[in-house]
Amino acid sequence: MRTSIDGAWVIGFDEDMENHVVYEDGVVVFEDDEIVHVGDDYDGKPDRAFSGEYLIIPGLVNMHAHLDAANGLFQYDRELDWDMYGVRPAEWVTDPDEHPAFTAGDIEAWARHSMAVLLLTGTTTFADLTSCVFKRWDSPVYEPQIYAETAGELGLR
């Protein structure tokens, strides 16, 4: 399905100028998951069209995204009942025999919520260097797979 989005400002890359350009009253057109046009005008017929006072930045990469931002509700260790904002006693040491603080289902719910927030703020690509949930440096080996699958399902890269 071909979709066009007309915006008050569109930031795109001009290959001839080898630089980014701001198109006032520009348009972005994409088909499925591929951008097919960025610029001033589009002569084709989209299957659906949106228009508004938008700032459109196709392919926005957020290099400082944290999947745990604004998710204080999940930010706690159930057994130790520690402060939900991550304050930890200095003597706190992870026991290697202790089970993970969160289940795979918890992590998936966290990932879906966090990635939806990224999408709502215009991020299409993110580079988070940490785990979704702070859990005493105890990230299960299956956690990255959950993030990758969730990002793929939601259309994030």
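**View 1. Helices H1 and H2 cross with a right-handed sense.** The model is predicted. H1 spans residues 104-120 and packs against H2 at an angle of about 40°. Their axes lie 9 Å apart. H1 is therefore oblique to H2.

View 2. From H1 come Ala104, Ile107, Glu108, Ala111, Arg112, Met115, Ala116 and Leu119. H2 answers with Glu143, Ile146, Tyr147, Thr150, Ala151, Glu153 and Leu154. By class, the residues of this contact are ten nonpolar, one polar and four charged.

**View 3. Thr150 sits in helix H2, which covers residues 143-154.** Thr150 has a relative accessible area of 2%. That is under 20%, so Thr150 counts as buried. Leaving aside residues up to four places away in sequence, Thr150 touches Glu108, Ala111, Arg112 and Met115.

**View 4. The largest nonpolar core holds twelve residues.** Its members are Ala65, Leu67, Phe102, Ile107, Ala111, Met115, Leu118, Phe126, Ile146, Tyr147, Ala151 and Leu156. H1 and H2 are the elements that give two or more residues to this core. H1 gives the most, with four residues. In soluble globular proteins, nonpolar side chains tend to be buried together.

Notes. Residues numbered from 1 in each chain as written. Predicted model: local features only at pLDDT ≥ 70, side-chain atom pairs only at ≥ 80, totals over all residues. Heavy atoms only, no water. Buried < 20%, exposed > 50% of the residue type's maximum accessible area, 1.4 Å probe, protein only. Contact = heavy atoms within 4.5 Å. Axes fitted to C-alpha atoms, helices over the stretch in contact; angles between N-to-C directions. Parallel < 35°, antiparallel > 145°, perpendicular 65-115°, else oblique. Left-handed = near helix turned anticlockwise from the far one by under 90°. Nonpolar A, V, L, I, M, F, W, Y, C, P; charged D, E, K, R; others polar. Core = buried A, V, L, I, M, F, W, Y, C linked by side-chain atoms within 4.5 Å.
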